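Hello,

Here is the structure I promised to pass on to you. Please open it and have a look around before reading my notes below.

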Amino acid sequence: MTLQRLARPVTLVLLSAVVLYPLVWMLGSSFKSQSEVLNNMSILPNEWTPGNYSDGWSNFDVSFGRFFVNSAMVAGLTVVANCISCLLAAYAFARLKFKLRGFWFAIMIGTLLLPGHVLIVPQFVMFKTFGWVGGDWPYAPLIVPQLLATEAFFVFLMVQFMRGVPRELDEAAIIDGCTPFGVFRHVILPLSRPALVSTAIFSFIWTWNDFFRQLVYLSDLEKYTAPVALTLFIDSSGQSSVGPMFAMSVLSLAPVFLFFVAFQRLLVEGINTSGLKG
Amino acid sequence: MATTTARPSSTRPPAGPAAAQRRGRPARHRTDGIAGYLFLSPWLLGLLTITAIPMLMSLYLSFTNYDVLSDWESMEWVGLDNYRTMFTDDPSFWHAVQTTLVFALVATPLKLAAALGVALLLNRPFKGAGLFRGLFYLPSLLGGSVALAIVWVNMFNRDGAFNSFLSWFGIEGKAWVNDPDFALGTLILLAVWQFGAPMVIFLAGLKQVPVELYEAASVDGASPWRKFINITLPMLSPVIFFNLVLETINGFQGFTSAFVLSNGTGGPVDSTLMYTLHLYIKGWNEYQMGYASAMAWVFLLAIGLVTAVVFRTGRFWVHYSDGED
């Protein structure tokens with residue numbers, strides 16, 4: 001009996017160790033000196049070497065800080081774009097009556113399952129024809145699609161949320177003389193804050209981690225985002241850069257980790273709302 | 001919001017809009033109709049320009065030799081050549097298909113099994129359950145990034161943490177990531193490590209299973225195993241189905257970790273050449289946009305087919321106990 005009682009906590013603790021080990025190892029290795037990173041297998045360094053961080057920061061012709069600024073800009077703009085465009089579409093789907101609504105809704109659900117890689121080639125060709133690829137500000141292809149509510153996951157998440165908002169509130173507002181715009185402005189918008197927060201957090205994390213699209217569209221070192229820049233460490237795979245590579249990896253995961261710590265409950269429940277991706 | 005919407009039934013196209021439309025009051029229809037399309041206009045524009053037109057364009061491109069570098073005039077119609085080359089004259093294509101299938105078909109069941117197993121452990125309320133739930137969820141947020149893939153690859157390299165673990169048992173490891181027999185395996189482990197997201201969904205599903213069923217089974221003297229087989233699994237089957245569809249589709253699209261492990265080549269010896277990586281190499285390293293478009297269409301059809309098969313088989317093992325919900 002006591003053995004059975006112990007089985008669960010012991011399993012969970014062992015599992016936590018397995019789950020956390022890579023993260024702790026990464027953190028420890030980011031402080032190991034060049035010789036230690038190859039020879040010292042223990043999780044913590046014998047001699048703490050914070051120099052990896054400054055070395056990594058200035059490892060390329062462009063400072064790593066620049067890459068983080070670029071990443072933050074792309075992620076920040078994506079957050080704003082997703083919140084606005086998906087909220088508008090969700091309001092139409094959840095609350096307004098119009099012809100073909102069921103049809104468009106079914107299409108929207110269909111695009112949820114459409115793999116992004118299928119469209120990347122023609123989108124690239126299209127944006128290149130527009131002259132948006134390369135140039136002084138190559139981020140338009142990464143952000144314009146979000147302005148047009150193409151991230152169906154968030155539309156779906158917000159529709160689901162709005163369905164939980166009592167319709168009586170809309171009707172009361174209409175009786176008070178509100179137009180559909182008034183209802184949106186005074187009822188739905190203020191009440192949708194939790195859904196907007198979820199959207200903002202997930203948008204940020206996914207964009208921050210996104211690699212494929214940023215790899216495809218960014219070709220100028222100065223315009224690189226953090227994930228694309230990190231792959232340069234692999235290219236230059238001289239063993240001397242392992243420590244700095246780990247240091248920059250730690251830094252690039254830090255924002256996501258901080259978001260996780262700050263919004264843990266919201267994130268876990270947010271994924272439940274519709275349970276997609278992750 | 002979580003409790004009411006966590007049910008997988010929410011993914012079925014709802015009967016709501018259409019039904020509401022029939023019942024709707026005509027007086028409000030007109031202004032609502034205009035407002036509806038106004039609010040929907042960004043999405044509609046996106047559907048047209050970012051999704052629909054590119055889809056048709058890629059179908060067209062797939063019958064050409066378009067290379068992005070030269071101008072449109074030099075593009076030629078090549079008929080089915082791209083598709084013919086793909087199936088008969090590009091061994092790497094088949095390596096990519098094989099790699100992707102192995103990855104998706106091994107990683108997905110393992111990941112879901114881990115997710116369900118841990119969800120069952122966490123399902124009963126106890127002190128610290130929330131902490132463990134959050135902790136196990138963390139890898140799902142970090143695991144898709146380049147940074148974590150870099151860490152993972154180094155962990156399974158010759159001097160990595162995995163080999164130091166093996167050395168405790170006197171086993172001498174090797175550079176697993178450079179071995180064609182094991183490289184993909186390390187990527188599968190990375191995918192399984194991210195079991196937290198489906199686990200959270202399983203947990204929400206487990207909360208929906210009526211306690212009375214277990215109580216009734218206990219009265220009848222059922223063992224925990226029998227309860228799991230006869231109550232938990234059937235009641236949870238819609239959630240399992242939901243996770244299965246999503247994780248399978250995700251599995252087919254793995255890119256980042258394979259790119260990092262192989263430095264964008266798919267090596268060693270094509271062993272980590274995921275389909276999307278092959279597509280990327282063809283399109284952006286070799287500038288064969290026509291060929292890459294053809295690959296994208298084959299990919300779309302393949303994923304559609306797999307999804308259809310999963311949905312078909314779902315009829316035999318997914319139970320919707322609450323009817324229409």
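Predicted model: local features only at pLDDT ≥ 70, side-chain atom pairs only at ≥ 80, totals over all residues.

Let's begin in chain B. Two packed helices are described by the angle between their axes and the distance between the axes. Here, helix H5 (residues 91-122) of chain B packs against helix H10 (residues 196-207) of chain B at an angle of about 45°, and their axes are 8 Å apart. H5(B) and H10(B) are therefore oblique to each other, and H5(B) passes H10(B) in a right-handed crossing. On the H5(B) side, the residues that meet H10(B) are Lys111(B), Leu112(B), Ala115(B), Leu116(B), Val118(B), Ala119(B) and Leu122(B). Their partners in H10(B) are Pro198(B), Met199(B), Phe202(B), Leu203(B) and Leu206(B). By class, this contact has eleven nonpolar residues, one charged residue and no polar ones.

Next, chain A. In helix H7 (residues 140-147) of chain A, the buried residues are Pro141(A), Leu142(A), Pro145(A) and Gln146(A). Seen down the axis of H7(A), they fall within an arc of 135°, so they line one face of the helix. After H7(A) comes Ala149(A), with a positive phi near 55°.

Finally, take a look at Ser249(A), which lies in helix H14 (residues 242-274) of chain A. Is Ser249(A) buried or exposed? Ser249(A) has 27 other C-beta atoms within 10 Å, and 20 or more count as buried, so Ser249(A) is buried. Leaving aside residues up to four places away in sequence, Ser249(A) touches Met26(A) and Leu230(A), along with Ala147(B), Ile150(B) and Val151(B).

Enjoy exploring!

Technical notes. Residues numbered from 1 in each chain as written. Chains lettered and ligands numbered in written order. Axes fitted to C-alpha atoms, helices over the stretch in contact; angles between N-to-C directions. Helix = DSSP H or I, 4+ residues; strand = E, 2+ residues; numbered from the N terminus. Parallel < 35°, antiparallel > 145°, perpendicular 65-115°, else oblique. Left-handed = near helix turned anticlockwise from the far one by under 90°. Contact = placed C-beta atoms within 7 Å. Nonpolar A, V, L, I, M, F, W, Y, C, P; charged D, E, K, R; others polar. Buried ≥ 20, exposed ≤ 12 C-beta atoms within 10 Å, placed from the backbone. Arc of directions from axis to C-beta.
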